[in-house]
Amino acid sequence: MSPAARYDAVVLGGGHHSTIIAPYLARAGMSVAVLERSGRFGGAAMSGKGPLNGFTMNLYSHWTRFYSHPAYRDFGLYDEGLRYAFPDGNEAMVFDDGTAFVGYSAYRVVDDRGTQEPWPEGVKRTEEAIRRFSDADADTYLRIHDAYAGGLKTAFGQHRFTAPPAWGEPDPLEAMLSEDGVIQPVHQFMSLRQLAYDFFESAELRTLFLRAATTSTGCYGDDVPGLQGLVHVLALTLSLEPAAIAIGGTQAITDALLAAGRKRGVEYHSHAPVAEILTRNGRAIGVRLESGDEVEADVVVSGLGLPQTLLKLTPSVELPRRTRNRLANVHYDRGQLAWLNVAVHEAPDYAARVGDPEVGPQPRLYWGPKDPDWLATRYQAEIFTRGHSSRFFALSSTDTLWDPGRAPAGKHLVGVEEFAAPLRFFDRQQWKSIENGVVDLLVSSWPRYAPNMTRDNIAGVRIILPRDILATHPDMLEGGYSQGTTMASQSGRFRPVPELSGYRTVLPNLYNCSSSMHSGSGIGRGSSLNCWRTIAADLGIEP
Ligand SMILES: Cc1cc2nc3c(=O)[nH]c(=O)nc-3n(C[C@H](O)[C@H](O)[C@H](O)COP(=O)(O)OP(=O)(O)OC[C@H]3O[C@@H](n4cnc5c(N)ncnc54)[C@H](O)[C@@H]3O)c2cc1C
């Protein structure tokens, strides 16, 4: 079915944030069409067959907590089929000296609406686990936990799900800063390396903090993640939020959102690439598709990167020179992944279980050298010069422990994340050897941590590299996982550039809901909900 000639609202791109905003627009009574260039919806939130017959892998995003997004509740997504498993063990790391650290969730999800309650048992177990290697860090953990429970958790949620305030008005995280508090003014300007060494004394937590930071912000040791990045990384390192596995894979999030949209009348059109945003008298009036078809709309919402939206699709709009330069100067060269789906005969069995029988079934299990200085100072250098690190620092998850339906009976699927160079640094042939290098390093390093992870145990591997990401996600420049690195100068009220940071654009009825806006990259971040609330405010309707 082709799109109709006119809707109240059109949404450009059928990616993750478009699938969130569409049902909100429709719930307000608007006719809505979502226009996606490819054959599938969900953007980087989709699963597919592989790496072998009978397995279902996450093609891109994997670690998600969509149960905490307001849409989960607003649209009853549990009843639309989005179910999570919530293991007690949360963030863990196995080190190269045979030791390990397992953290436990400080909160539990207690119902099908995503409601959380504190889990004191989890806090006690995490504290005890840290105390085994550092009393000072165990005390720090308790202080951070108490600050989190005492307001930081709420502030973090508000920060994510509200539009950033103007300069001069503190955002919810800035409002929590105090010179004698846990999060102090200087922390917003510290590099990751400084933060790791400021908060923690042990090599264990410094290593985990630095590695988790690259997963959650894309940043490396000398980058400044800002308050948003800092609080996120602390929450990960210390298991402050419930970790979870989406049953059925990340696709389950997209499927539930599409079901919610369809129920409210949203039309989803695939193979509908947008070639131009049409304008008249200083307003957006709709879009022209590559097919030449035109679709009119009162409200035009771009789920595409802001640079694509304003530098490519709106040729008739004059941008101030500085804004144009700034949009072209958004940095993308962090968070480039080597994302591997590994089909195995037996689940990994970590040798560190001898010291702690709990090691292994954690949804966020890292393994790598216990070497924070190397992570802080040489990890990025090697990735940028060699294409990948010479020492493997994995984040992994054996999803099928909780979701056996994604593998043939008795087999397992392990997702493994490492980092790679920005796409432009190497040519096609070099990327081929980087691909081989990453897979060889995975296979040669893994048995050191889990002796049963021999070559014979690995049935198949599918690797996704920056070239694969850019080919499917034109706004993830350099093949990173983000539409603009989430560093301090590109976060909050500065994202992606200060003068265009609040979901409104240069035309009064053209909005941007994509992850190139605050609160950045990641499944379940706030850009689409915040964009919807901005549109509702402009139209004078209840969000
Ligand atoms: C490999 C990888 C791993 C990741 N891992 C995680 C993870 O574990 N956890 C997590 O939280 N996040 C993860 N992310 C990040 C997360 O997936 C993204 O932040 C999120 O998908 C961004 O949503 P979006 O709607 O802004 O963009 P996208 O989801 O990329 O959607 C954009 C859509 O627009 C379409 N499009 C582009 N141009 C046009 C056009 N001209 N006309 C019509 N359609 C167009 C694209 O085809 C795409 O469908 C990962 C991302 C990648 C790539």
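**Buried loop residues, central sheet and nonpolar core**

Serine 239 counts as buried, because it has 29 C-beta neighbours inside 10 Å (buried: 20 or more other C-beta atoms within 10 Å of the residue's own; exposed: 12 or fewer; partly exposed: in between; C-beta atoms are placed from the backbone). The model is predicted, so local features need pLDDT of at least 70 and side-chain atom pairs count only at pLDDT 80 or more, whereas totals for chains, interfaces and linings use all residues. Residues are numbered from 1 along each chain as its sequence is written.

Serine 239 is found in the loop between α7 (226–237) and β10 (245–246) (helices: DSSP runs of H or I, at least four residues; strands: DSSP runs of E, at least two; both numbered from the N terminus). Although serine 239 is not a glycine, its phi is positive, at about 55 degrees. Tyrosine 503, also not a glycine, has a positive phi of about 75 degrees. Tyrosine 503 lies in the loop between α14 and β20 and counts as buried, with 24 C-beta neighbours inside 10 Å. The loop between α14 (466–472) and β20 (510–512) holds proline 496, which is joined to arginine 495 by a cis peptide bond with omega of about -10 degrees.

An open sheet of seven strands with mixed pairing has the order β7-β6-β16-β17-β18-β15-β19 (strands pair if DSSP finds at least two bridges between them). Strands β7 (100–104) and β19 (458–464) stand at the edges with a single partner strand each, so one side of each is left without a neighbour in the sheet. Strand β15 (residues 337–344) runs antiparallel to β19 and is joined to it by six bridges; in β19, arginine 462 is the bridge partner of asparagine 341.

Helix α13 (residues 428–449) lies across β6 (89–95), β15, β16 (364–368), β18 (412–419) and β19, and runs at about 135 degrees to β19 (axes are lines fitted to C-alpha atoms, for helices over the stretch in contact; angles run from 0 to 180 degrees between N-to-C directions). The buried residues of α13 are Ile434, Val438, Leu442, Trp446 and Tyr449, and they pack against β6, β15, β16, β18 and β19 (contact: C-beta atoms, placed from the backbone, within 7 Å).

The largest nonpolar core has 159 residues, of which Val10, Val11, Ile21, Val32, Val94, Ala100 and Phe209 touch the most other members (core: buried Ala, Val, Leu, Ile, Met, Phe, Trp, Tyr and Cys residues joined through C-beta atoms within 7 Å). Phenylalanine 209 touches Ala196, Phe199, Phe200, Val233 and Thr237, not counting residues up to four places away in sequence.

Definitions and conventions
Contact = placed C-beta atoms within 7 Å.
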